[in-house]
Amino acid sequence: MRGNVIDLAVAVVIGAAFTSIVNSVVKGIINPVVGAFGTQDLEQYTYCLQAPCTVDKAGQATHGIEIMWGTVLSSTLNFLITAAVVYFLMVLPMSRYLARRARLQAAKEQEPVETVVEDSELDVLKEIRDTLVSQRGPSDGTVVRQGR
């Protein structure tokens, strides 16, 4: 249980670090590339649901209903890039490593068990042989009788 909590804490910290990096990549690279087809800031893409839309200097809509789909698109890109980075750089390599480790562990566990079983069967057979020989007596043909 404690190992899972520690793994979760490490994942949260690394996720937060990756989020800031991904935000920088989206704002510095992806937004300008998308902006080549329109404005440079994705968050400026809006749609006026109820015309006319007027916006004040603070960016708040004063008349009309403004849908800011550029903000949603930017957040979606941030999420997808963060998820891809975490999956391809952390989850996928770790799952491959754990699968390889499990295969090696299974191979190690399987091999000694078979030799131990064979050795124990051989030991049991030797003990049975020795017991039969001791009950039979000397090998010179004389029979030793045991009392009842």
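What share of the 148 residues in the protein chain is buried? Buried residues make up 7% of them, where buried means under 20% relative accessible area, exposed means over 50%, and partly exposed is in between, with a 1.4 Å probe and protein chains only.

Before going on, a word on the model. It is predicted, so local features need pLDDT of at least 70 and side-chain atom pairs count only at pLDDT 80 or more, while totals for chains, interfaces and linings use all residues. Residues are numbered from 1 along each chain as its sequence is written, and side-chain values use heavy atoms, with hydrogens and water left out.

Now the layout. The protein chain has two helices and two strands, and along the sequence they follow the pattern α-β-β-α. These are DSSP runs numbered from the N terminus: helices are H or I with at least four residues, strands are E with at least two. Of the contacts between residues at least 6 apart in sequence, 35% join residues at least 24 apart; a contact means heavy atoms within 4.5 Å.

Next, the surface. The chain has an accessible surface of about 12,200 Å², and 63% of that belongs to carbon and sulfur atoms. Areas come from the Shrake-Rupley method with a 1.4 Å probe, and for residues only the protein chains shown count as cover.

On that surface, Y47, L49, I65, I67, W69 and L73 form a nonpolar patch with about 580 Å² of accessible area together. Patch residues have over 30% relative accessible area and no salt bridge; like charges are joined within 9 Å, and nonpolar side chains (Val, Leu, Ile, Met, Phe, Trp, Tyr) within 5 Å. Strand β1 (47-55), strand β2 (61-67) and helix α2 (69-136) each supply at least two residues of the patch. W69 lies in helix α2 and is partly exposed, at 42% relative accessibility.

Which side chains meet in a salt bridge? Those of D130 and R129, at 3.1 Å from N to O. The structure holds one salt bridge, meaning a side-chain nitrogen of Lys or Arg within 4 Å of a carboxyl oxygen of Asp or Glu. D130 is partly exposed at 42%, and R129 is partly exposed at 48%.

Last, the aromatic rings. A search of the whole structure finds one aromatic pair. The ring centres of Y87 and F88 are 5.1 Å apart and the planes are at 80°, so the pair is edge-to-face. Rings of Phe, Tyr and Trp (its six-membered ring) pair if their centres lie within 6.5 Å; planes under 30 degrees apart count as stacked, over 60 as edge-to-face, and the rest as tilted. Y87 is partly exposed at 39%, whereas F88 is exposed at 51%.
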